[in-house]
Amino acid sequence: MSLKACEEKNAKIWFNGELVEWRDAKIHILTHALHYGSSVFEGIRAYRTKKGTAIFRLTDHMKRLINSAKIYYMDIPYSLEELVEAAKEVVRVNNFDSCYIRPIVFRGYGVMGLNPLQAPIEVAIAAWPWGAYLGEEGIKNGVRAKISSIERIGVNTLPPQAKAGGQYINSILAKLEALNCGFDEAIMLDQNGYVSEGSGENIFVVKNGVIYTPPVACSILEGITRNSVTKIAEELEYDVRERLLVRSDLYLADEAFFTGTAAEVVPIREVDNHPIPQPWPILRKIQERFYGILRGEIEDKYGWMEYI
Ligand code: PPE
């Protein structure tokens, strides 16, 4: 569903503690975050299952939001419990089927300049139905990726573990370059030339039955889907290792895939025109279990599905 359609449906957005009409959830042009990227946000998905609607790892996402805010010296005026409850309320009140939830904490209107401390901290949580980020076809048959000429922000540039608004202009450059070159997604290298992640996803590679993914030190966002997929793979008795990966590990991979909340689990079928041919047996087993949990069909032994 488009954002416009949500507006026409009179969807509600939680804004500084209250539910407001979609069209009224507005900010001033001199909002600090608009000028300097001084916001932190999350992306979370809710799924309608036979047992009711559940939000996948909601508490973990809100914990990460609080940590992102901490890195940028922002004090969120709500507790973890209040944020969790607010997100559930937004999903309940809008009665969406499955949807994407976007909490954002930002420095608001009040002061310009690089000392933002006089700008108020504002918090909003919106939700809308958002389909497959890299396409339904991508989830089935994979996407074509290009190693980006845009480097991923360094660990001492903008801490990649924070999910901050301003950091995403780095991802946008990489994404647009990939699209302009006729690819679906970018794979970014870190400042040392090691594989980091996609523009909005973590990356995994399978070689000789072992699953590899770059460590946090490679400028990644520590993805919640990455963590979930690791747990699922280990449950399936695969060996999952954090390891430095180089470009040719991608070119010579037996399987490769992206993970993320918006993207979910998406096979990579080509990197820089080097094919990674099907079948992808390990990836398929992981997908089966991951989507089974999201649909409420496979036992959720970790309590990831937080029913609203
Ligand atoms: N790396 C980056 C840079 C990233 O943005 C995401 C999520 C991930 C890894 C995966 O993290 P996780 O969702 O916890 O598994 N990207 C979010 C934003 C996408 C957007 O376009 O906006 C998302 O998937 O919600």
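Predicted model: local features only at pLDDT ≥ 70, side-chain atom pairs only at ≥ 80, totals over all residues.
On the ligand's nitrogen side, an N or O atom in the side chain of Glu 197 is 2.7 Å from a nitrogen atom of the ligand.

| Residue | Ligand atom | Distance |
|---|---|---|
| Glu 197 | nitrogen | 2.7 Å |

How much of the ligand's accessible area does the protein cover? On its own the ligand has 550 Å² of accessible area, and the protein covers 94% of that. As for the location, the ligand sits in the largest pocket. The elements giving two or more residues to the shell around the ligand are α3 (58-71), β6 (99-107), α7 (224-235) and β14 (255-260).

So who is in that shell? The ligand is surrounded by 22 residues, and the closest are Tyr 100, Tyr 133, Tyr 168, Thr 225 and Thr 261. Sorted by class, you get ten polar residues, six nonpolar ones and six charged ones.

Why does the ligand lie between domain 1 and domain 2? Both domain 1 (3-128) and domain 2 (136-294) give residues to the shell, so the ligand lies between them.

Finally, take a look at the backbone. Arg 57 has a positive phi of about 50 degrees, even though it is not a glycine. You'll find Arg 57 in the loop between β5 (52-56) and α3. Another spot to check is the cis peptide bond joining Gln 278 and Pro 279, where omega is about 0 degrees. Pro 279 lies in the loop between β16 (274-275) and α9 (281-294).

Note on methods
Residues numbered from 1 in each chain as written. Heavy atoms only, no water. Near = heavy atom within 4 Å. Polar contact = N/O pair within 3.5 Å; in protein donor to acceptor, adjacent residues only side chain to side chain. Areas by Shrake-Rupley, 256 points an atom, 1.4 Å probe, with all protein chains shown as cover. 1 Å grid on protein atoms, 1.4 Å probe; cavity = no way out; pocket = protein on both sides within 12 Å on 5 of 7 lines; lining within 4 Å. Sits in = over half its atoms within 2 Å of the grid points. Helix = DSSP H or I, 4+ residues; strand = E, 2+ residues; numbered from the N terminus. Nonpolar A, V, L, I, M, F, W, Y, C, P; charged D, E, K, R; others polar. Domains from an automatic or database assignment.
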